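Subject: Structure for you to look at

Hello,

I am passing on a structure, shown below. My notes on what was found in it follow.

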Amino acid sequence: MQIPEEYGGLGLSNTMYARLGEITSLDGSIAVTLAAHQAIGLKGILIAGTDEQKAKYLPRLASGEHIAAFCLTEPGSGSDAASIQTRATLSEDGKHFLLNGSKVWISNGGLANIFTVFARTEVVDKDGQLKDKITAFIVERDFGGVTHGKPEDKLGIRGSNTCEVHFENTKVPVENVIGEVGGGFKVAMNILNSGRFSMGSASAGMIKKLIEMTAEYACTRKQFNKKLSDFGLIQEKFCFMAVKAYVMESMAYLTAGMMDRPGFPDCSVEAAMVKVFSSEGAWACVSEALQILGGLGYMKDYPYERYLRDTRILLIFEGTNEILRMYIALTGMQYAGKILTDKIKEIKKGNVGVALGEFLNKLRDTMGRKVDYGLVGDHGVAHPSLQESAKKLEENIYYFGTTVRGLLSRFGKTIVDEQLVLKRVADIVINLYAMTAAISRASRSISIGLRNHDHEILLTNIFCTEAYFKNNYAMAQLQKYADENLDDSIKKAAKQILEKRVYICSHPLDRTF
């Protein structure tokens, strides 16, 4: 779909690819099969391949004559992609690499003709020392030595092919290296980063269909002489699903639009935020939909339970949400850390102006600061009907900045080990990005007069108010000595469980006499 027209593809932009993802997501297995081929399988050739590689492989991948797969995960290497053991050894004549190793949980592994494979290679470093580094290769099944295991018996996406792929003395020509020898880790991360954003539109497409299906049921099913749709707790579930769909859709298309700008901007953090928010939102929405349907949703004779099974994988693949939260928080804090370090250096040099500025900022914060980033007011970019939401966003952004500075001052470089802290930082950032996307979209809708724009305003204000209070609570937890922070107790309880590797509480029927 995104292969350029010159190679026989449709040449779709990221925005159009996201739009198409809304449709294909209605069947999870089809969506995964297509994504394994398009979003990751051939993406390495597309973004880092040579002109010769593109001309050789893309036309048949575009036509569907060849299917692609992405081979990174190994039995001992999941989230820690840098620890892979598959090895590629350069032949004595320097014309090809001998590839040996096994990959697991490979989507399209039993169907693919073309594999993007990551393996360890020996590379001479700048200082002349021999080091192991990861290299990306284009591997054809016809090269020989490529076999696959039986299809995995999965919980969900059961219609897609997932299996082990084995390489035994597979001869890969040196011209099939993607990018540079030793540059494979960067290629892998770029492939995964570029594909995550589409999970937002795909999840939104699925939820919109679920809303349609469950609304029909709720408006016709009667209990206690009332339709289900008349009950407040059922109405709450429909509002929850609509808000989630609207926000993840807004985040996905904002990110796609940024990725479509000239110059290939780095939107990896934004794409990761879309993935985390959308996968967790989709899982929660499917659960609520099944609750509306009751026993009907649990039966295999109906399509609803399949949505539940298919959705669970979204929180795991293309980077687990735990890993992505660390990436979101630490990548964002790198920039803040540099600014803080520069200010500290200036203060140490005796720059009184910088020191005074920091003091005055803290003083204003304690007295209650009026925050104005230009979102509201006569010249504000947010529509007046979204003024309160925009003010909440501005306030959250400012105090989040002061919170991050406090964390960096408190923890320094050891912040990388404070995972519970980083999780809260990531959750706040995700909410801030979601608020920004929703306010921007709703402002546009009302300004150009799109139908049902009042409904968009309503959904945005609901989300922003909820996110505002969640952010405030998370920031309170991040303060030093906060009563709200239970991190030490949580880690202590977990340690006691893991030391024994069992639930250690006595049974309520146990006796000491």
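The model is predicted. I begin with a helix pair: α1 passes α6 in a right-handed crossing. Helix α1 covers residues 14-24 and helix α6 residues 198-220; the two pack at an angle of about 30°, and their axes are 7 Å apart. On the α1 side, the residues in contact are Tyr17, Ala18, Gly21 and Glu22, and they meet Ser198, Ser201, Ala202, Gly205 and Lys208 of α6. Sorted by class, the contact between α1 and α6 has three nonpolar, four polar and two charged residues.

Next, the second largest pocket. Its space comes to about 880 Å³. The lining has 27 residues, of which Lys43, Ile47, Asn190, Ser194 and Phe264 are the closest to the centre. At least two lining residues each come from α3 (43-48), α4 (51-63) and α5 (184-195). Helix α5 gives the largest share of this lining, with five residues. By class, the lining of the second largest pocket has twelve nonpolar, nine polar and six charged residues.

Last, the charged pairs. Side chains of opposite charge can pair when their charged atoms come close. Across the whole structure, the search finds 23 salt bridges. One that may be worth a look is between Glu288 and Lys237, with the closest N and O atoms 2.8 Å apart. This pair links distant parts of the chain, 51 residues apart: Glu288 lies in helix α8 (residues 268-293) and Lys237 in helix α7 (residues 232-259).

Regards

Methods. Residues numbered from 1 in each chain as written. Predicted model: local features only at pLDDT ≥ 70, side-chain atom pairs only at ≥ 80, totals over all residues. Heavy atoms only, no water. Axes fitted to C-alpha atoms, helices over the stretch in contact; angles between N-to-C directions. Helix = DSSP H or I, 4+ residues; strand = E, 2+ residues; numbered from the N terminus. Left-handed = near helix turned anticlockwise from the far one by under 90°. Contact = heavy atoms within 4.5 Å. Nonpolar A, V, L, I, M, F, W, Y, C, P; charged D, E, K, R; others polar. 1 Å grid on protein atoms, 1.4 Å probe; cavity = no way out; pocket = protein on both sides within 12 Å on 5 of 7 lines; lining within 4 Å. Points joined across faces, edges and corners; volume = space filled by probe spheres on them. Salt bridge = Lys/Arg side-chain N within 4 Å of Asp/Glu carboxyl O.
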